[in-house]
Amino acid sequence: MYDKSISEQSQALASGELSSVELTQSYLDRIKQLDGNYNSFITVTDELALEQAKAADERRAAGNAEALTGIPLAHKDLFCTEGVKTTCASKMLNNFIAPYESTVTRKFKEAGTVMLGKTNMDEFAMGSSNENSYYGPVKNPWDLAAIPGGSSGGSAAAVAAQLAAGATGTDTGGSIRQPASHCGITGLKPTYGRVSRYGMVAYASSLDQAGPMTRTAEDAAMMLNTMAGFDHRDSTCMDREVPDYTAHLNDSLEGKTIGLPKEYFSAGLDANVEQRIRDAVAVYEKLGAKVQEVSLPNLQLSIPSYYVIAPAEASTNLSRFDGARFGHRCDNPKDLMDMYKRSRSEGFGDEVKRRILVGTYALSAGYYDAYYNKAQQIRRMIRDDFMNAFDQCDIIMGPNAPTPAFNIGEKSDDPIAMYLSDIYTLSVNLAGLPGMSVPAGIVDGRPVGLQMIGRHFDESTLLNAAHRFQQETDFHKATPFTA
Amino acid sequence: MAIDASEIQKVAHLARLSIDDNQVDATASTINNILELVDQMQSINTDNVEPMAHPLDAVQRLREDKVTEENNREQLQSCAPAVEDGLFLVPKVIE
């Protein structure tokens, strides 16, 4: 059953055809057997998983099961999980046993899901390739020479390789959608404020958002039902009603308008990727949707705006790692300053240090207006571009990335080339919109995803569109093992 | 706005990071490439555009001023590098 969707597993658990202990054991066996190839997990919590599975089976026998009770999931190693190592893929937190539980993982616990382990990622979620991990790069299950995408690369690879039924990810500038796209799975970044950030190790607080990574849109809807909702512990979490995200999956798309931003189909987009996206849009036309060209004139500015705002917020957030209260401390510090500097310099990897330096510079005296303030003004222009586009359409569609997954090592020495590859995803975080990636075919053996962007708090329409697409196509059913 | 080797050391100090002497030039060069990339913004007219901190222009919620957190000192200090009598130990600060 490890190769089935969450919804199919949920039905099998409900009918008694399958127990959570059996299902969990099958994933743990696969992780043991296969994850040496992918490196998608940092920590496997096998004993805990079997305990939770047993408890889930007992809960089901007692008649208290929910839809996700007994489903084995993997969590990005950025969610604090009480009593379990939470590293953020950093040497800084290599010894950190979280003393409290994040809201997202607490909700999954309360729903009776099973935690298989914690997944690999780019250190502190900074990266687009999962090469920036203290625990080594993750490999793409479709092609071991390729990156899985990042920063939620471990979660994407684990779901693609059927080492977990679903996984959590976080997305600050594309970190759910781009790895989902590169690994041929479904990923959803909700509206900023839809899901609590409490207990997520913060990267860029005004952009970070957690979401589901799954095989199907229906599974993403089921996971989002558990994740979404107000939390007084996150001061930017929005107090809005949570709809049942599975309720409108089958709605007709007749009369919906799809906007294709012309800036998403310009120079730099691989011709084969473009063809997969155009083919996917044609499926929507067949389903009754209309297509309209729209414009996001400031799209190019999302790169400079993001690469000021995110590092600025990161430099502030990561100032908490001081070697005093938790995390790595250097040996034999001679004084307080030496402790700070050596602990941080030893604990952080190169990309993290780079972003801290850029952010510190952008926020330093005399430069604030030219950088952070300017970036926030441009952020508003980018958000307003989307608002104008949504006057003419219901969903925006385009690619997630200019090319399929590139090779491991190809861009690791060139941060600028890496940053430029984020062009199609960053603006969605700057605007706070929900975005999604669904599998749309294969180019040269590597998956390509269709990106869908919705209005604020309109995850239901994205999930509806993604589900209808998956009823018409088989791209989401392809796996690295059948290709 | 290019940044030179002495300036990069100053920024590193503000960020409480140390850069090895043989890495200073390479670091300055990478940071300059990034600054050059973000400097695209400078040519854009943003007069009368309000900076946006939150995509829905939401403001921070206020709450009643009362203690809601429990005291979990022991648990929270369980992951500290060094503690004694409930205090975090750091190198001597006062002579």
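# Briefing on a predicted two-chain model

The buried residues of helix α5 of chain A are A:G153, A:G154, A:S155, A:A156, A:A157, A:A158, A:V159 and A:A160. The structure described here is a predicted model. In chain A, 11 strands form an open sheet, and chain A also meets chain B in a contact that takes 55 residues from chain A and 39 residues from chain B.

- Helix α5 of chain A covers residues 153–160, and eight of its eight residues are buried, so the helix is largely enclosed by the rest of the structure.
- After α5(A) comes A:Q162, which has a positive phi, near 60°.
- The largest nonpolar core contains 152 residues, and A:L73, A:L116 and A:A164 are those with the most contacts inside it.
- Helix α9 of chain A (residues 302–317) gives the most to this core, contributing eight residues.
- When neighbours within four places in sequence are left aside, the contacts of A:A164 are A:Y27, A:P72, A:L73, A:A74, A:L116, A:A158 and A:V159.
- Two of these partners, A:A158 and A:V159, are also among the buried residues of α5(A).

**The sheet of chain A**

- The order of the strands is β1-β3-β2-β4-β6-β5-β10-β11-β9-β7-β8, and their pairing is mixed.
- At the edges of the sheet are β1 (41–44) and β8 (290–294) of chain A, each of which pairs on one side only.
- From one strand to the next, the twist averages 30°.

**Strand β6 and its partners**

- Strand β6 of chain A spans residues 209–214; six of its six residues are buried, so the strand is largely enclosed by the rest of the structure.
- Strand β4 of chain A (residues 166–171) runs antiparallel to β6(A), and five bridges join the two.
- Within the pairing of β4(A) with β6(A), A:T170 stands opposite A:A210.
- Strand β5 of chain A (residues 186–189) also pairs with β6(A) in the antiparallel sense, over two bridges.
- In β6(A), A:T214 is the residue that stands opposite A:T186.

- A:G259 has A:Q292 of β8(A) opposite it.
- Helix α8 of chain A (residues 271–286) lies across β7, β8, β9 (395–399), β10 (435–443) and β11 (446–453) of chain A.
- Relative to β10(A), α8(A) runs at about 115°.

**Chain B and its contact with chain A**

- On the side of chain B that touches chain A, at least two residues each come from α1 (5–14), α2 (24–38) and α3 (73–77) of chain B.
- Helix α2(B) gives the most to that side, with six residues.
- The residues on that side of chain B divide into 27 nonpolar, nine polar and three charged.

**Packing of α1 against α2 in chain B**

- The axes of α1(B) and α2(B) come within 9 Å and cross at roughly 85°, which means that α1(B) is roughly perpendicular to α2(B).
- From α1(B), the residues B:A5, B:I8 and B:Q9 meet B:V24, B:D25, B:T27, B:A28 and B:I31 of α2(B).
- The residues of this helix contact comprise five nonpolar, two polar and one charged.

Notes:
Residues numbered from 1 in each chain as written. Chains lettered and ligands numbered in written order. Predicted model: local features only at pLDDT ≥ 70, side-chain atom pairs only at ≥ 80, totals over all residues. Contact = placed C-beta atoms within 7 Å. Helix = DSSP H or I, 4+ residues; strand = E, 2+ residues; numbered from the N terminus. Nonpolar A, V, L, I, M, F, W, Y, C, P; charged D, E, K, R; others polar. Buried ≥ 20, exposed ≤ 12 C-beta atoms within 10 Å, placed from the backbone. Pairing = 2+ DSSP bridges. Core = buried A, V, L, I, M, F, W, Y, C linked by C-beta atoms within 7 Å. Axes fitted to C-alpha atoms, helices over the stretch in contact; angles between N-to-C directions. Parallel < 35°, antiparallel > 145°, perpendicular 65-115°, else oblique.
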